[in-house]
Amino acid sequence: MRDLSVVIPVFNEEEVLPALFSRLYPALDRLGLAYEVILVDDGSRDRSAALLRQQFELRPDVTRVVLFSRNYGQHLAIMAGFERCRGERIVTLDADLQNPPEELPKLLAKMDEGHDYVGGVRTQRRDPWFRRNASRLLNFLRERTTRIHMTDQGCMLRAYSRQIVNAINACSEVNTFIPALAYTFARNPAEVEVEHSARAMGATKYSFYRLLRLNFDLVAGFSLAPLQIFSVFGILVALGAMGLVTLQVVRRLVMGEAAEGMFDSLMEAIELLLTGLVLFGIGLLGEYIGRIYQQVLRRPRFLISAVLEQPEDKDPAAAGKPASAVARAGPPPGIQ
Ligand code: UDP
Ligand code: MG
């Protein structure tokens, strides 16, 4: 067991990794704790995996590297790190230095006060206007549609107790949102304000589409409210339609032929609106059903092509295999 595990997902971050290592390791050394850094390469197509391997060779005593066979996404990369970490406390961090490693002691100090889950809140968020405001809206929606209450769900600088990580490891969710999942297990969560920097190098790995998918994971994974709102809306529309039909019948009886045609264009507009909403509703159902489908398939959530760790760090299942790199499946990392 170690005091602290730091889990970092890495996807195409070759430009920033040298700067990350040069700040992260000294910051951790200063803590005076027995720590380990778990770097998970999420199927990078650049030199990231090679740089992680280099770092492992430089600091094998405190570094473990997990290499995915392809890109499975940030949250599954963190899951893989959680499955392999051995710290009493576990901290997640982005690789791009947007979460300054020097902020880590703040989270640990908050944990010392007895909290089992400490989330970072980015006070001065250094992201483009669209991202900041989209986040604000999504935080607002999540506060109202789930029982999860966080100020800044998108901040990945977070500290978890061993108990919470064990609970997360017991989950087999394919599509998940780790800060929210942890929250469902936390007894005594807290938040601390942390610095946020502009991305040091490289570009964000989240396109608009990927952000949308991620937020569906959050909503569909932790709330049935969208479906329930839809059924309430359906009831209201049906009641409204019944009222309109009654009105039309009465008008027809009272006004005779003159009542014809008056409502037509209004009704067409309403119909179009309703068609749009119905399509949205079907799509929303699809989001839930798609997730249920993936879950019932029970396929492995990710495939690890290699784990780099010191021989004494290997888990019992891997004992006896030679070399520090333990190939679990697929080709060795250099071949990819
Ligand atoms: N990341 C990952 N897999 C992905 C996308 C991102 O492991 O499919 C990692 C990425 O390398 C970084 C962190 O997740 O360490 C956050 O990604 P990014 O900085 O692109 O997100 P943003 O800060 O723009 O929300
Ligand atoms: Mg970033």
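The protein, which is a predicted model, has ten helices and nine strands. Its radius of gyration is 25 Å, well over the 20 Å that the globule rule gives for 336 residues, so the protein is more spread out than a compact globule. Taken along the principal axes, the box filled by the C-alpha atoms is roughly 90 × 40 × 35 Å. Of the 336 residues in the protein, 44% are buried, and among contacts between residues at least 6 apart in sequence, 80% join residues at least 24 apart.

**Helix 3 and helix 7**

Two packed helices are described by the angle between their axes and the distance between the axes. Here the axes of helix 3, residues 74-84, and helix 7, residues 178-185, come within 10 Å and cross at roughly 50°, which makes helix 3 oblique to helix 7. On the side of helix 3 the contact is formed by His75, Ile78, Met79 and Phe82, which meet Ile178, Pro179 and Leu181 in helix 7. The residues of this contact between helix 3 and helix 7 divide into six nonpolar, one polar and no charged.

Although Ser172 and Met79 are 93 residues apart in sequence, their C-alpha atoms are 9.7 Å apart in space.

**Two residues and their contacts**

| Residue | Location | In contact with |
|---|---|---|
| Gln55 | helix 2 (residues 48-58) | Phe21, Tyr25, Leu39 and Thr63 |

Is Gln55 buried or exposed? With a relative accessible area of 7%, Gln55 is buried, because a residue counts as buried when its relative accessible area is under 20%.

**The magnesium ion**

Which residues coordinate the magnesium ion (ligand 2)? The donors come from Asp96, through OD, and from Gln98, through OE1, at 1.9 Å. Both of these residues, Asp96 and Gln98, are buried. The site may look incomplete, because water is not among the atoms, and the list of Asp96 and Gln98 as coordinating residues should be read with that in mind.

Note on methods
Residues numbered from 1 in each chain as written. Chains lettered and ligands numbered in written order. Predicted model: local features only at pLDDT ≥ 70, side-chain atom pairs only at ≥ 80, totals over all residues. Heavy atoms only, no water. Axes fitted to C-alpha atoms, helices over the stretch in contact; angles between N-to-C directions. Helix = DSSP H or I, 4+ residues; strand = E, 2+ residues; numbered from the N terminus. Parallel < 35°, antiparallel > 145°, perpendicular 65-115°, else oblique. Contact = heavy atoms within 4.5 Å. Nonpolar A, V, L, I, M, F, W, Y, C, P; charged D, E, K, R; others polar. Donors = N, O, S within 2.8 Å, 3.2 Å for Na, K, Ca; no water. Buried < 20%, exposed > 50% of the residue type's maximum accessible area, 1.4 Å probe, protein only. Rg over C-alpha atoms; globule rule 2.2 N^0.38 Å.
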